[in-house]
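The sequence and the structure are shown first.

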Amino acid sequence: VLSARALPVVMPASEHDRAVAVVSHTPQILSSLLAARLLDSSDTVVSIAGQGLRDMTRIAASDADLWVEILSANASPVAGVLGEVAADLLSALGSIDQGGQDVLARALRRGNDGRDRVPGKHGARSAPTAVVPVAVPDQPGELGRLFASVADSGFSVEDVRIEHVLGRPTGVVEITVGEAVARPLVEALRTGGWDVRA
């Protein structure tokens, strides 16, 4: 493993099976089930899809036959995690139907807390970050010019996401940086003539 420059993580087999059920196998099923809802939707509904749906359904494009084999080989842990998710969904459904905003808010905040545990780049524990949104014309060279501006300003980028604006030749590039450098980066980019939406 080390000679392949991979990172070995040693754990008991049962812990491994539960771990991959949580971080890999259940997300695959949920992504596929959500993407399947689009088959019952009109072209108009699908045409207004945004980045959130693209993020949630990206892995639904995976090979279905391969995933049947993977899921079958880890059936019991996956079933356990899916049962927990199903219970959470039923609770959220009940709170929406009955106007239980406290229950729904608690579920969403637990999601915030869980998302905060996802490792940052290079597998490191996530440090506080902020997103700097910049409107960029959809033209050749504009992304490169933006990244050069960020580099020239001396800031390190944690992550990047592009949100395409529906019906317009523009994208919003969401640059994730350390929380402490977000404001200086905004000022540097605005000074450089960029349309920062922060």
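Helix H1 (residues 13-36) and helix H5 (residues 75-97) pack at an angle of about 60°, and their axes lie 9 Å apart. The model is a predicted one, in which local features need pLDDT of at least 70 and side-chain atom pairs count only at pLDDT 80 or more, while totals for chains, interfaces and linings use all residues. Residues are numbered from 1 along each chain as its sequence is written, and side-chain values use heavy atoms, with hydrogens and water left out.

Helices (H or I, at least four residues) and strands (E, at least two) are DSSP runs numbered from the N terminus. Axes are lines fitted to C-alpha atoms, for helices over the stretch in contact, and angles run from 0 to 180 degrees between N-to-C directions. Angles under 35 degrees count as roughly parallel, over 145 as roughly antiparallel, 65 to 115 as roughly perpendicular and the rest as oblique. H1 and H5 are therefore oblique to each other.

The crossing of H1 with H5 is right-handed. A crossing is left-handed if the near helix is turned anticlockwise from the far one by less than a right angle, and right-handed if clockwise.

On the H1 side, the contact (heavy atoms within 4.5 Å) is made by Asp17, Arg18, Ala21, Val22, His25, Thr26, Ile29 and Leu30, which meet Pro77, Val78, Val81, Leu82, Glu84 and Val85 of H5. Sorted by class, the contact of H1 with H5 has nine nonpolar, two polar and three charged residues. Here Ala, Val, Leu, Ile, Met, Phe, Trp, Tyr, Cys and Pro count as nonpolar, Asp, Glu, Lys and Arg as charged, and the others, Gly among them, as polar.

**Helix H1 and helix H4**

The axes of H1 and H4 come within 11 Å and cross at roughly 130°. These two helices are therefore also oblique to each other, and H1 passes H4 in a left-handed crossing. Ser24, His25, Gln28 and Ile29 of H1 form the contact with Trp67, Ile70 and Leu71 of H4. Its residues divide into four nonpolar, three polar and no charged.

Helix H4 covers residues 64-73, and one of its 10 residues is buried, so H4 lies largely in the open. At the start of H4, a side-chain oxygen of Asp63 comes to within 3.0 Å of the backbone nitrogen of Asp65.

**Individual residues**

The table lists relative accessibility for selected residues. Buried means under 20% relative accessible area, exposed over 50%, and partly exposed in between (1.4 Å probe, protein chains only).

| Residue | Relative accessibility | Class |
|---|---|---|
| Gln51 | 10% | buried |
| Ser95 | 6% | buried |
| Ser24 | 28% | partly exposed |
| Arg5 | 80% | exposed |
| Asn74 | 5% | buried |

Asn74 is placed in the loop between H4 and H5. Not counting residues up to four places away in sequence, Asn74 touches Asp17, Val20, Ala21 and His25. Between Asn74 and Val20 there are 54 residues of sequence separation, with 8.8 Å from C-alpha to C-alpha.

Ser24 belongs to helix H1. The C-alpha atoms of Ser24 and Val78 are 9.7 Å apart in space, and the two residues are 54 residues apart in sequence.

Gln51 lies in helix H3 (residues 51-57). Leaving out residues up to four places away in sequence, Gln51 touches Arg161, Ile162 and Glu163. Ser95 is found in helix H5; with the exclusion of residues up to four places away in sequence, Ser95 touches Gly100, Val103 and Leu104.

Arg5 is located in the segment before H1. Most residues other than glycine have a negative phi. For Arg5, phi is near 60°, a positive value in a residue other than glycine.

Note on methods:
A polar contact is a pair of N or O atoms within 3.5 Å; within protein, one must be able to donate a hydrogen and the other to accept it, and residues adjacent in sequence count only if both atoms are side-chain atoms.
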